[in-house]
Amino acid sequence: MNKTPRGISTKSKKQENLLILLKEAQSRHGYLAQELLTELAQSLGISIGEVYGAATFYAFLSTETQGRNVIRICKSLPCFLKNSQIIVDSVEQELGIKPGQTTTDGKFTFQLTNCIGACDKAPAMMINSDVYGDLTPRRISAILKACE
Amino acid sequence: MPENRIVLRNCEIINPRRISTYLARNGFEALSKAKNMVQDQVIEEIKASGLRGRGGAGFPCGLKWELAKNAQGNEKYVICNADEGEVGTFKDRYILEKDPFTLIEAIAIAGHAIGAKQSYIYLRAEYHYLLDSLLKAIGQTRKRGFLDDFDIDIREGAGAYVCGEESALMDSIEGKRGEVRYRPPFPPTEGLWGKPTIINNVETLMNIPQIVLNGAQWFSQMGTERSKGTKVFSVSGDVKKPGVYELVLGSQLRELVEDLAMAEKVKMVQIGGATGRIIPYNMIETPLSFETILGAGAITVYDESRDTIDIVYKTLEFLAEESCGKCSPCREGTEALVEIMGKFSRGEGESRDIAVLEQLSQAMMLSSLCGLGQAAPTPVMDSLQYFRDAYENRIREKQGGVPV
């Protein structure tokens, strides 16, 4: 998330910027800390509940620390039909963690996600914003090694 | 019937990063033409074309525009719904990747027609990688002077299926949780920030420039009585050639699944994603249209090796996760459906569970706030109608009997 949409100042007081600010904060700090949510609520002049509500509603926002690379393997039916389970298994083996966990070195967070719109390249996954399709266990190893 | 490319006419032909290649294909001629027409003329043309929304609901596009144009107030908005989250759908991704300029032109025409100065493309978080090329395309269009009195901004989602629902989408643009609103009022009268707003799917908009250039009559010659034009389908699952295909509305499901995507030994097809219909192979000749079955055009094909109960179970798990939680029929109902389908999946289902599934489905369809909850029981109801023996066999197996 390098770009702030035109006309949006980070100092703006409007609620319409809340989601944009949350996404920005997440890309800067990796996750949305409690203190940050409180500060944001104060600066926008809205309740903490409103900010926390939005922060916990969306799958791509996280109030817990995350790895530098967030792996999201699609678990929806089109990928399931193309045996996404073996991709899940290979990531588990490579990283030694289960879905929902982060590696101890903070390099990877591993999640399962709903349809990412890459069904024509199933099984597919995302690492951060990049999509990887037509996955095989062999490719997983190379893709993970290439991550910083 | 072979493929007929109206919506996809520029895809794989133009260079999506160079506006000159779009201009060489009559790019922005429709916008110029529309600007020389009065608003009502443009809207009349769209109305006469019979174009209906391609996001799944099929609302007449011209009527939506007319309502917004006639609504009180000077501040109006156009929103392009690019929150393509339906399971098995990727057609809008393909369009955004291959031909952003037609979409931009269409949004500008919509803005002129309803009298809006500002528009938003709501792009799903999963498609963040398309942001850069979209911004570049908007930038090139602005530089050429086609967006002099009109702005297009992009707002990104943050991962929520329900934000493809128009009222949740508007709440999300307003920076809130993407929860569904009570309606009426409908968006054309009270939409984004309470102002008159039209929300159109990517594919719906893609039809606009060609309708303006070639006329309503040209468009309405294609299709069936109540389904004009073409439809873009996303085909995946047990097929040899998954991908995006555009067919004239009214074409048979068989053409798409067997002739184009080359599926074999088909058991059933899910049409319209998680909330869509599930139909057995013996209905493969069903025409695809608003009169019959369509949805947003997600086609997931299952071959004979697949287990119906597991498919429905996984579909319901998805819907329960993605329910926004605002209304209880959907929030609690989807969870209850998952629980019962889980019982069948584990071989613990009982006869009385079928009755509960049917009762609960009826209640959800009648009382849920939006399409998610209203249509969530569809895979359950369809599988009970067409594959009831799958449920009954599980019950018999549990009792130690032999499946039929």
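Which residues touch the most other members of the largest nonpolar core?

Author: This is a predicted model, in which local features need pLDDT of at least 70, side-chain atom pairs count only at pLDDT 80 or more, and totals for chains, interfaces and linings use all residues. Residues are numbered from 1 along each chain as its sequence is written, while chains are lettered from A and ligands numbered from 1 in the order in which they are written.

The residues in question are B:I107, B:I109, B:A110, B:V257 and B:V301, in a core of 161 residues. Helix α6 of chain B (residues 100–114) supplies the largest share of this core, 10 residues. A nonpolar core is a set of buried Ala, Val, Leu, Ile, Met, Phe, Trp, Tyr and Cys residues joined through C-beta atoms within 7 Å. A residue is buried if 20 or more other C-beta atoms lie within 10 Å of its own, exposed if 12 or fewer, and partly exposed in between, with C-beta atoms placed from the backbone. Helices (H or I, at least four residues) and strands (E, at least two) are DSSP runs, numbered from the N terminus.

Beyond its neighbours within four places in sequence, B:A110 is in contact (C-beta atoms, placed from the backbone, within 7 Å) with B:W65, B:V78, B:I198, B:N200, B:L205 and B:I208.

Elsewhere in chain B, the axes of helix α14 (residues 328–345) and helix α15 (residues 351–367) come within 10 Å and cross at roughly 160 degrees. Axes are lines fitted to C-alpha atoms, for helices over the stretch in contact, and angles run from 0 to 180 degrees between N-to-C directions. α14(B) and α15(B) are therefore roughly antiparallel to each other, a label given to angles over 145 degrees, against under 35 for roughly parallel, 65 to 115 for roughly perpendicular and the rest for oblique. Among the residues of α14(B) that meet α15(B) are B:A336, B:L337 and B:I340. By class, this contact of α14(B) with α15(B) has 10 nonpolar, 2 polar and 2 charged residues. Here Ala, Val, Leu, Ile, Met, Phe, Trp, Tyr, Cys and Pro count as nonpolar, Asp, Glu, Lys and Arg as charged, and the others, Gly among them, as polar.

Chain B also meets chain A: 38 residues of chain B are in contact with 32 residues of chain A. On the chain B side, α13(B) gives the most, with 6 residues. That side divides into 12 nonpolar, 14 polar and 12 charged residues. Chain A itself has 6 helices and 4 strands, and 36% of its 148 residues count as buried.

Note on methods: Two residues are in contact if their C-beta atoms, placed from the backbone, lie within 7 Å.
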